[in-house]
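Here is a short briefing to read alongside the model. Have the sequence and the 3D view open, and let's walk through the points together.

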Amino acid sequence: MLGPTFRSFITSLIEFSLSQALSSSASNLEKLKTLDGHNLCIEIKDFDTQFVIYFDSQDTRISWQTDEEEKEEQEHNQDSDYDIRLSGNLKDFLSLATQKNHSLADSGIIASGSIGLLEKLQNTLTSLDIDWEELIYQKLETLAPDLDLQPSANLALAPLSFLFKQGKEKATYSFHSVSNQINEYLRFESGLIVSKQEFEKFANQTNQVRQSVERLEAKLNAFLSNNSTHKK
Amino acid sequence: MSDKEKTHFGYEQVDVSKKSERVADVFHSVAAKYDVMNDLMSGGTHRLWKRFTIENSAARTGHKILDIAGGTGDLSAKFSKIVGKDGQVVLADINSSMLKVGRDKLLNMGVAGNVEYVQADAQSLPFPDNHFNCITIAFGLRNVTDKDEALRSMHRILKPGGRLLVLEFSKPQNTLLEKVYDGYSFRVLPLMGKLVANDPDSYRYLAESIRMHPDQETLKSMALEAGFASCQYYNMTGGIVALHKCIKA
């Protein structure tokens, strides 16, 4: 399992990104206040790991625990029950996050805890409006306010924009394109490809022709030498 | 233990009664540049170690937390936000210079209202029995003269079910890493101390005191001897640092 230092590094990054994103908009902060004091546990079963998110009006904290650490926690800490627990495999969570028409009920994720709070959480998270591109642009601007970063920012953001907005479409297109090419190749070109058996048959036939030619050449040489002897 | 009995101050043997004075001198000297040096020496990794400590604290709104040898207040600042206005954080340190730096830093960060500052010796903590939900001591235990006494004192003031978190330098778990770490500790750290803090001796003491500190299993045994019902440790960065989590029954 990944060490504590690495896990802390990852959760710091996620927390920092979330905190920057949420604090950029007063309306997002207001929406999050409705979850103040509550916590959410996301259990990823196929990796024996869970992320716990603590919602707070000042901070949103994230903790990454292994299943073993959570069991110890429960042994020693009476109030370690989470307000909401979502338990599923990684692919279930990814589908839920990436496919807009995918709902929790269809996802295979098991939800437990306060139903009212779960509905509130769902409504809050889906209504959060985080403009990642604008955030990154603002960060670039604050780093060097005196420089004209417009051309650099555009240049930096162009690939990012591509990734964020069109990455999925491009990846899908690329996959289909390659897939079509392979199908076309197999359909039209495969007829021209020689199989191993065909090649071996051809090689054998060639050898037979070569042997026949050698025999014929030998006979011709013998015939010619006999003829020249008689003439003498 | 008589005053003339000896104990270690790094690799040097000193009278037991003199150790705390010597340690105090070190921390009076390093207090002003403590945070900068921590970042430089660990490449910022100490923040991740402390973060893991906080994640293991099970701290909640309304809890009472004691941060011993809290020094410049890294942990206390985070705990203050977690426990909220109904909770309490006590930042305790035996060294007045470190405490002053910590208090000024937290006030400058706007952390106030639920934090108290106490100059106290970890060996005889001036708090009631069964008082705190959680006690932390980050990179402080190795400087304590009588560690067993300190552990017993911490055990007394913890609530039943409460936890003690000891974050401290420990023994690397890999021979190659140990060699690299030795080279880094004894050559690079004093040089950094000289260039940044103009105090190579204090950082030489740091390297030496780490080598004299009990290893993971020994510290675990000491905690259990002190009365804790359970103690387990997590190695971080190859065992260079370990977090001991001890629970009071």
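Across the interface of chain B and chain A of this predicted model, the rule finds 5 residue pairs in polar contact, both residues at pLDDT 80 or more. A polar contact is a pair of N or O atoms within 3.5 Å; within protein, one must be able to donate a hydrogen and the other to accept it, and residues adjacent in sequence count only if both atoms are side-chain atoms.

**The side of chain B that touches chain A**

- Helix 3 (45-55), helix 4 (74-83), strand 7 (158-169), strand 8 (230-236) and strand 9 (241-247) of chain B each supply at least two residues of this side; helices (H or I, at least four residues) and strands (E, at least two) are DSSP runs, numbered from the N terminus.
- Helix 3 of chain B gives the largest share, 6 residues.
- By type, the residues on this side are 9 nonpolar, 7 polar and 6 charged, where Ala, Val, Leu, Ile, Met, Phe, Trp, Tyr, Cys and Pro count as nonpolar, Asp, Glu, Lys and Arg as charged, and the others, Gly among them, as polar.

**Extent of the interface and its salt bridge**

- Chain B brings 22 residues to the contact and chain A brings 23 residues, with contact meaning heavy atoms within 4.5 Å.
- About 1,800 Å² is buried between chain B and chain A, and carbon and sulfur atoms give 43% of it; buried area is the accessible area (1.4 Å probe) that two parts lose on being put together, summed over both.
- The rule finds 1 salt bridge across the interface, that is, a side-chain nitrogen of Lys or Arg within 4 Å of a carboxyl oxygen of Asp or Glu.
- B:Arg51 and A:Glu15 are the partners, at 2.7 Å from N to O.

**A sheet in chain A**

- Chain A has an open sheet of 5 strands in the order 3-2-1-4-5, with mixed pairing; two strands pair if DSSP finds at least two bridges between them.
- Strand 3 (60-66) and strand 5 (110-113) of chain A are the edge strands, each pairing on one side only.
- Strand 4 (residues 84-88) and strand 5 of chain A run antiparallel, joined by 4 bridges.
- In this part of chain A, A:Ser87 stands opposite A:Ile110 of strand 5.

**Around A:Gly108**

- A:Gly108 sits in the loop between helix 4 (90-98) and strand 5 of chain A.
- Leaving aside neighbours within four places in sequence, A:Gly108 is in contact with A:Ser87 and A:Asp92.

**Reading notes**

- Residues are numbered from 1 along each chain as its sequence is written, and chains are lettered from A and ligands numbered from 1 in the order in which they are written.
- Local features need pLDDT of at least 70, side-chain atom pairs count only at pLDDT 80 or more, and totals for chains, interfaces and linings use all residues, while side-chain values use heavy atoms, with hydrogens and water left out.
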